Amino acid sequence: MSVEPLEAPQAESTAFQREEVGLATRNHGMPLEALRYDTTPAGLHYLLIHFDVPEVDAGAWRLEVRGLVSRPRSLSLGEIRDMEATTLTVTLECAGNGRAMLSPRPVSQPWGQEAIGTAAWTGVELRTVLAEAGLAADAREVVFTGLDRGIDGGLEQDYARSLTLEEATAGGPLLAYEMNGAPLPPQHGFPLRLVMPGWYGMASVKWLRSIEAVAQPFDGYQVVHAYRFRRTEDEPGVPLSRIQPRALMEPPGIPEYLSRDRFVAPGPCHVRGRAWSGWAPVARVEFSADGGASWADADLGPAAGPYAWRPWLHTWDAGPGTYELCCRATDAAGNVQPLRAEWNVGGYTNNSVQRVPVTVRPD
């Protein structure tokens, strides 16, 4: 089924449109004070649902492994749980994180900088399932299809994404059935989801119903049109994949209710946060109290694993006045957070530095 596609609208003012508000009520970010947790409680982890949360009967559900394989499988949840289990701590981030901070603002889920979360995911390595199925010599990609169905870009579709054979058979990709030691919540992909470490969240297909090996590049909407970095509507764009480096701070002090501006007492202020990158481990985090005019190195702690965010801490000597606190990450591959992000049609990969207005009160 196809319908007339909608053009990607841009907001001409700071007022949020009705559709954006509707999306914001369905999806939610992680409150930045939850950066204090090594692993994010499931209810605080960011959430983006493209269509609807599907209704799933776990007893009747099957994962179909098919296509260019020598041994097609139809696996029950029990059969998957009987396989050798792996647990990975993985930081996930939505590719649209920071979209609402661009100008003009692309109209979609209006993320600030809170579309993040880190969880301990337990499941079976994807390469194990693919090896048991026996990939054919002419297989080039693996397509992952979820149970969530809807209309996007004028096309009725199941949410589906693909990986190259090299990406799918490498270490890391996980078919997860638990989050933080408990069965997946419905909103996070029960009974089974893909977790693609280091990649933006669009690759981690939820509510999996099939895995299919194919000989040609997958031409589904979520690959060839959505989730591509495009400066104009007319260009084909570059597909999104790995997470750009980002550092975020747990806002210090106390907030003003509406603006979320912070108020801090004078003296030593321990500013802490987390930093991550999908390209390489975080090698440096810097802190600024003057809007990025000058920087000081923060102290780094150990990450919970190769795919998890890294804690950082900086002690700021806060004197009375008003400040704009910033932080930025550099990874081991030399990727650095920019002060300003490049605008693009979808509002993707805005990893510009966080800016937190702070007033230090003399009393």
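**View 1. Glu64 stands opposite Ser74 in β3.** Strand β2, residues 63-67, is joined to β3 by three bridges, and the two run antiparallel; strands here are DSSP runs of E with at least two residues, helices are runs of H or I with at least four, and both are numbered from the N terminus. The model is predicted, so local features need pLDDT of at least 70 and side-chain atom pairs count only at pLDDT 80 or more, whereas totals for chains, interfaces and linings use all residues. Residues are numbered from 1 along each chain as its sequence is written, and side-chain values use heavy atoms, with hydrogens and water left out.

**View 2. An open sheet of five strands has the order β3-β2-β12-β7-β8, with mixed pairing.** Two strands pair if DSSP finds at least two bridges between them. Because β3 (73-75) and β8 (155-164) each have a single partner strand and stand at the edges, one side of each is left without a neighbour in the sheet. From one strand to the next, the twist averages 25°, with axes fitted as lines to C-alpha atoms and angles running from 0 to 180 degrees between N-to-C directions.

**View 3. The second largest pocket holds about 860 Å³ of space.** A pocket is an open set of points on a 1 Å grid over the protein atoms alone, where a 1.4 Å probe fits, with protein on both sides within 12 Å along at least five of seven lines, and lining residues have an atom within 4 Å of a point; the volume is the space filled by probe spheres set on the points. Of the 31 residues that line this second largest pocket, Leu32, Gly112, Gln113, Glu114 and Arg260 lie nearest its centre. The elements giving two or more residues to the lining are α1 (18-26) and β24 (354-360), and β24 provides the largest share, four residues.
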